[in-house]
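I am opening my notebook for this chain and want to record what I looked up, entry by entry.

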Amino acid sequence: MKAKRQMSFRDEIRMVLIVNTLIPCIISLMVLILGFTMFGIWQISRQNEQAVERDSAMLSGLFHRYVEECGQLSRDLDIYAVKNSPTCQAEMASRIYRFLNNQEIRGDFYLFDSDRSCVFSTLNDPVISRFISNYLPWGNEEQDLPGKGELAFVYDIRLGDASAPAWLVFCPTGKGTEAGYCSFVLPASRLKLNLGGQERFAVVVNQFSRVLGERNSRFVDDRGKLFKELRDKNGLLRFHDRWYYVNRKQVQEESVWLYSFDDCNAFIQTCVV
């Protein structure tokens, strides 16, 4: 009986020691996992915020430079001189190519005379030239069209049988004896070359949540808009059975927003497991 009580006492002591040893270990492990998770999410959020700041600043500066250069060209170009003087045309071409080659996203330039003919362009595409010529407010310079003196997104520029949405800015030329228009076109498809990364996806939308640029199917609904579940969101969220960290930044006044999505599904699953 005495031996039995001694054995029971030893077991009790052993249990106390085990519990007192395991509980701190379990707590320490939980704190370590929680700290690792919080640090990882902080790292993802910091990198995402840096990326969206960098990309939004790049886009804002890019849009501003295209608008400014179009306005300056409209004041400087003499269409009659460009049409009749190879020297003037060479100087204009040199200036335009120098400007385009210095931009993060290269657009194309078109110059039209009063007969709606394309006098000069950096891309020999009659479909785009015809579209822009038909779009411009010929005979009614007071007509307020999107793109006049400011960058606007146009959805229905056609390239053969395919739709090629693009940003467009145009200004009436004000120098010389012949009127006309100069215009820059910035294809939205070229954004994919400069935004996002291997695990980061950048999506540009207007104030109506319509996606401007390459439409990544995972974030865009069948109407060409950002899914409702993703609009106006910041932070960690679960979407279509995957975890993303999302951040958004206003790019151009109130008309353009940039969303940055980091796919952190693998990290979250690792932390959970």
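The entries below go from conventions to one helix, the cores, one serine and the aromatic rings.

**Conventions.** I worked on a predicted model, in which local features need pLDDT of at least 70 and side-chain atom pairs count only at pLDDT 80 or more, while totals for chains, interfaces and linings use all residues. Residues are numbered from 1 along each chain as its sequence is written, and side-chain values use heavy atoms, with hydrogens and water left out.

**Helix H3.** I took helices (H or I, at least four residues) and strands (E, at least two) as DSSP runs, numbered from the N terminus. For H3 (residues 86-101), 16 residues at 1.5 Å a residue should span 22 Å, and the end C-alpha atoms are 22 Å apart, which agrees; the expected span is 1.5 Å times one less than the number of residues. I then listed its buried residues, Met 92, Ala 93, Ile 96, Phe 99 and Leu 100, where buried means under 20% relative accessible area, exposed over 50% and partly exposed in between (1.4 Å probe, protein chains only). They cover an arc of only 130° around the axis, so they sit on the same side of H3, the arc being that of the directions from the helix axis to the C-beta atoms. On the face turned away from them I found the exposed Pro 86, Thr 87, Glu 91 and Asn 101.

**Cores.** I looked for nonpolar cores (buried Ala, Val, Leu, Ile, Met, Phe, Trp, Tyr and Cys joined through side-chain atoms within 4.5 Å). The largest has 36 residues, and Phe 109 and Trp 167 are among those with the most contacts inside it. Helix H1 (2-76) is one of the elements giving two or more residues to this core, and H1 gives the most, nine residues. Apart from it lies another core, of 15 residues, among them Phe 219 and Phe 261.

**Ser 183.** This residue of strand S7 (residues 181-187) is buried, at a relative accessible area of 0%. A polar atom of its side chain lies 3.1 Å from the backbone oxygen of Val 169.

**Rings.** Searching the whole structure, I found 14 aromatic pairs, counting rings of Phe, Tyr and Trp (its six-membered ring) with centres within 6.5 Å, and calling planes under 30 degrees apart stacked, over 60 edge-to-face and the rest tilted. Tyr 110 and Phe 112 are stacked, at 6.5 Å centre to centre and 15° between the planes. Phe 219 and Phe 261 are also stacked, at 4.2 Å and 10°; because Phe 219 lies in the loop between strands S8 and S9 and Phe 261 in strand S11, the pair ties together parts 42 residues apart in sequence.

Key:
Polar contact = N/O pair within 3.5 Å; in protein donor to acceptor, adjacent residues only side chain to side chain.
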